Amino acid sequence: MTLDAVIVGAGPNGLAAAVELARNGLDVLVLEAESTVGGSARTEELTLPGFRHDVGSAVYPLGIASPFFSSLPLEEHGLEWVHPDVPLAHPLDGQRAALLKRGLDETAADLRGDEASYRGLVSPFCRRWDAFRRHVLDAPTRIPRSPLLMLRFGLLAMRSTPSLADRFRTQEARALLAGNAAHAGIPLERPLASAVGLTLMVAGHTVGWPFARGGAGSITAALASLLRSLGGKIETDSRVTSLSDLPAARATLLALTHQQVAELAEDPLPTGGRLPAGYRDMLRTWEYGPGAFKLDWALDGPIPWTDAEVARAGTVHLGGTLEEIALAERAPWKGTVADRPFVLLAQPSLFDPTRAPEGKHVAWAYCHVPNGWTGDATTLIEAQVERYAPGFRDRILARSVLGTADLEGWNANLVGGDVNGGAFTLSQTFGPMRSALRPWGTPVDGLYVCSASRPPGGGVHGMAGYHAARDALKRTFGLA
Ligand SMILES: Cc1cc2nc3c(=O)[nH]c(=O)nc-3n(C[C@H](O)[C@H](O)[C@H](O)COP(=O)(O)OP(=O)(O)OC[C@H]3O[C@@H](n4cnc5c(N)ncnc54)[C@H](O)[C@@H]3O)c2cc1C
């Protein structure tokens, strides 16, 4: 029997693709290597009983911004967004922390001397949020519905972050922009880091940076529950090692990164289609970004921030000034880790009591390290927390340490510890594999790639899965 569609990988994109196909009446099967669904959106008791840690992703500006997720009844399947009082805090030595608040005016007012420059940079995109989010969560080569807005964004996105920050006089505004841009995982001097920075800041003011109540796993559990309610099937503990071993299907969607696709596609699909050798070679040239070095802590109490305002934020950027962050983000691309790495930290249990026993807390943090790095950044990361929260180490009850190989062992898509499915470079973003005329297709009819390696790239938003499913509905099933 030939199925309508088989999907490999039950992370946010694989599940999103499956839901979109199933809600259009197709018969779908998802095959997942691990014993639970979720990919990099899973929650586990990594340290002590009752402490629920997000092993991969933790904070969801792109999840709540996702046009696809917001079109689904995920709340009926258990998803609840939890908004911290303030999306983001960025502590600075010897001065008050910069805060990215929900209100644009409130945030700008704090940046005394930079109010107008901050508003001028961010507000055009906040005002046109719906058009903006739809374009940044699509393929970059598709003609935008708001070309002038996106031209403006494109011109800013191509600027290096330090040059974009030259409009600011205060350390606070410069550091806020740099910390957001550092999510890109590329040196801040390169084009596109600013695109990530701006997108996250705009999202902070429009939809916020929520957690999922109960943890990351609630998002993918809701997608899986919705899929099952639509008749879709999921088989866990089913690692796919060759395309030939898949059940025959009219459409096959791989929620895997390019190197993995190249390996599986040595063999043909059961229906006979085979990826040409030249295309597989091109997939093998795909460049991965820095790895992550990840710590999760079970804590005896909240993190004792010197500036109490930092406890209002769900996410904290620990990296000091723009110059310090720029140095830290260059290091992994030179094969090293800075003495003071840029640390992304989340403190969900301050806002969601389901995450830790009463009075106790969890915290999540990672920094960028060279891809495949085998060193230990525990001391460096904890020193960055201690710098802004003296006494932090005394609150640690237990810690989980995950290096690049541990992360890849936990989820095979994290090649060398890269959390985004590939380096966010200009050539890859606009190159033939991400933005050709068919950004989610391959040279084989009915074979699609729908992971974070394809547009719109990394993040828990399900949009690569959604777009690939729409492409399949149109081309393979003639339905869209
Ligand atoms: C440490 C870390 C922090 C992050 N922080 C954030 C954050 O705060 N916010 C955010 O939005 N994003 C964050 N991300 C990125 C985000 O999680 C990913 O971009 C997103 O999960 C990608 O979704 P995906 O479905 O493409 O792949 P994945 O989530 O990686 O899922 C891929 C799935 O495929 C399965 N698989 C792999 N190989 C096979 C095989 N051969 N056969 C069968 N199944 C297979 C895997 O087991 C996995 O379940 C983070 C990621 C990590 C790792």
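1. Helix 9 and helix 14 are roughly parallel to each other, since an angle under 35 degrees counts as such. In this predicted model, the axes of helix 9 and helix 14 (residues 322-330) cross at roughly 20 degrees and come within 8 Å. The crossing of these two helices is left-handed.

2. Which residues of helix 9 and helix 14 meet? On the side of helix 9 they are Arg174, Ala175, Ala178 and Gly179, and on the side of helix 14 they are Leu322, Ile325 and Ala326. Sorted by class, the contact of helix 9 with helix 14 comprises five nonpolar residues, one polar and one charged.

3. Helix 9 (residues 171-181) is mostly covered, with ten of its eleven residues buried. Charged side chains are found in the buried set, which includes Glu172 and Arg174. Ala173, Leu176, Leu177, Asn180 and Ala181 are also among the buried residues.

4. Helix 1 contributes Pro12, Leu15, Ala16, Ala18, Val19 and Ala22 to the contact, while helix 11 contributes Ile219, Thr220, Leu223, Ala224, Leu226 and Leu227. By class, the residues of this contact are eleven nonpolar and one polar, with no charged residue.

5. The model contains an open sheet of seven strands with mixed pairing, in the order 7-6-12-13-14-11-15. Strand 7 (95-100) and strand 15 (396-402) stand at the edges; each has a single partner strand, so one side of each is left without a neighbour in the sheet. From one strand to the next, the twist averages 20 degrees.

6. Within this sheet, how many bridges link strand 6 and strand 12? Strand 6 (residues 86-92) pairs with strand 12 (residues 313-318) over three bridges, in the parallel sense. Alanine 89 has valine 316 in strand 12 as its bridge partner.

7. Leucine 192 has a phi of about 85 degrees, and aspartate 237 has one of about 50 degrees. Leucine 192 belongs to the loop between helix 9 and helix 10 (193-206), whereas aspartate 237 belongs to the loop between strand 9 (233-235) and strand 10 (249-254).

8. Are leucine 192 and aspartate 237 buried or exposed? Leucine 192 has 23 C-beta neighbours inside 10 Å and therefore counts as buried, the cut-off being 20 or more. Aspartate 237 has 10 other C-beta atoms within 10 Å and is exposed, as 12 or fewer are required for that class.

9. Where does a cis peptide bond occur? Such a bond joins proline 455 and proline 456, with omega about 5 degrees. Proline 456 lies in the loop between strand 16 (447-449) and helix 19 (463-475).

Definitions and conventions: Residues are numbered from 1 along each chain as its sequence is written. This is a predicted model: local features need pLDDT of at least 70, side-chain atom pairs count only at pLDDT 80 or more; totals for chains, interfaces and linings use all residues. Two strands pair if DSSP finds at least two bridges between them. Helices (H or I, at least four residues) and strands (E, at least two) are DSSP runs, numbered from the N terminus. Axes are lines fitted to C-alpha atoms, for helices over the stretch in contact, and angles run from 0 to 180 degrees between N-to-C directions. Two residues are in contact if their C-beta atoms, placed from the backbone, lie within 7 Å. Angles under 35 degrees count as roughly parallel, over 145 as roughly antiparallel, 65 to 115 as roughly perpendicular and the rest as oblique. A crossing is left-handed if the near helix is turned anticlockwise from the far one by less than a right angle, and right-handed if clockwise.
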